[in-house]
Amino acid sequence: MKHEIRICGFGGQGVITAAVILGKAAAVHDGLTALQVQSYGPEARGGAARAEVIIADHPIGYPGITLADVLVAMSQEAYSRYHRAVKPGATLIIDPDLVFQRDEARPVVPVRATKIAEELGNTVVANIVMLGALTALTGVVSPEALLAATLESVPARFRELNRRALEAGMQAASG
Amino acid sequence: MSTHRELIRRALGPRVQFVQGDDACAYGAVLAGCTFFAGYPITPATEVAERMAEILPRIGGCYIQMEDEIASMGALIGASWTGAKVMTSTSGPGFSLMQENLGYAIMTETPCVVVNVQRSGPSTGQPTMGAYGDMMQARWGTHGDHEIIMLCPASVQESLELTIVAFNLSERLRTPVLVFIDGELGHMRERLVIPEDHEFELWERPRATDRAGYRPFAPGPDLVPPFAPFGSGFRTFVTGLTHNEEGLPRASSATIHDQLVRRLAAKITNHLDLITRYEEFYADDCEIAIVTYGITARTCRDVVEEARRRGIKAGLLRLISIWPFPEHVVARWAERVRAMLVPEMNLGQIVHPIREAVAGRCPVVLHSRIGGELHTPAELLEALEALQWQPA
């Protein structure tokens, strides 16, 4: 078993945080092998941000992803750049409010993560909404592991908000 | 009252974590008993300093952010002479600045550990990208005849484990030890299991016991002089000049210089059994070998497995200790294989001692990649296949 997940968007959306939480859920709470790498520009916000997570049940050699099993695109640039770099049958999850132009021949799962996060009271949890959706769609980690990893990664006063963001994401994916 | 080891455990947090290579180096240092860190932040090594800044005050240690890397090495040497286990971390530009005091630490037999999270150079180069461009600078960057010890981890777990080993070697042999990773590994997160105290050894520097007639640089039978920290009542004199066994400058004596510098080298080369580390895959029937180190070795492990599936008798020699160079290990492989492929994230550095060890017994082909990206499995497989068809 090996899942290669690429999460991308622009700096400030928390794509790297999302990848770290996912990796932690797999490695610490589900007892799997996981590896996470990232790349980002020198800007604090607005530049392109990309994070990759590999989850496996065996040691991981090459610490990178060529073709992804799962792509989460939270910006047009991210989608345009990476939507072809996926394996056949890959799961593509996009925020349709941020990805306007796409290849109609490739099926995607639209998750309005930013809008959902806004309705929950803070757009900062859009990344966590996406993680909820990703987990519901792919089962790469258990929902319990994801919840535990999320709650231990955020300040105490934001735990409830993040818990609701995860649930909303899971619902959006199954609805 | 908590013991020091309990304080360390509490400061390190949960036993299983998902953290970066940089974090793991800091954790390894703390587990090894490091209580002093002086450094200057630099991408991609900053997280080592950050972790040390968080942990050391909680365990009664000392973290100092210095004005630059020259001063960092200076502070390290001073702190080590109080008897503390000490470390600094840096990247290429900072490592360049450390060269002079690195030599001072070698000459004065001062235990210290330097972590270099390498990035692309020359100069400020590519701060956020990984590279292995300082491999030769580590060997010969400081002037004069000397030996150096360098360890090259390939995973987050190994970054912790080899940092502990680095402290042990540094203390035992009273010499600087380098832990070299790169920006990719430094910022890569993996599962880290923090070992229990009974799962690793801790070595201490040899201590002087007899105050009367103490000569601070008179070597023991293993060529390492027993150490007396400043302030312990032992008469000690420390200089970077050529010195006699009392530590007093004798810079014009050919005999004393010859004896001293040969001993400093021999105390390391006589202990290769403690230092040399490597890992072999498919050594028995290997025809085409990959010889590499650091993060690139992970990719090569995958490549060798895939090559085997395609019927190529490939194998991998992963060098873990790079300096002193494990010449006999490479020579042994050269006896048996038809060719060696050496992938490096530089324009060719460790390929040189490899060629020296191989001494013409088989072709040695360098596969360079610079610019901050890792070798891909596909390109290395292609390089391996090309060697397979090369006439012997």
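How far apart do the C-alpha centres of domain 1 of chain B and domain 2 of chain B lie? They lie 27 Å apart. The domain assignment puts domain 1 at 4-199 and domain 2 at 280-388 of chain B; the bounds come from an automatic or database domain assignment.

Before I go on, a note on the model. This is a predicted model, where local features need pLDDT of at least 70 and side-chain atom pairs count only at pLDDT 80 or more, while totals for chains, interfaces and linings use all residues. Residues are numbered from 1 along each chain as its sequence is written, and chains are lettered from A and ligands numbered from 1 in the order in which they are written.

Domain 1 of chain B puts in 22 residues and domain 2 of chain B 20, with contact meaning C-beta atoms, placed from the backbone, within 7 Å. On the domain 1 side, helix H6 (135-140) of chain B gives the most, four residues. Other elements giving two or more there include strand E8 (176-182) and helix H8 (183-186) of chain B. Helices (H or I, at least four residues) and strands (E, at least two) are DSSP runs, numbered from the N terminus. By type, that side has 14 nonpolar, four polar and four charged residues. Ala, Val, Leu, Ile, Met, Phe, Trp, Tyr, Cys and Pro count as nonpolar, Asp, Glu, Lys and Arg as charged, and the others, Gly among them, as polar.

Next, the chain contact. Here 17 residues come from chain B and 16 from chain A. On the chain B side, strands E1 (16-20) and E9 (189-193) and helix H11 (296-309) of chain B each give two or more. H11(B) gives the most, with four. The chain B side holds six nonpolar, four polar and seven charged residues.

Terms used
Contact = placed C-beta atoms within 7 Å.
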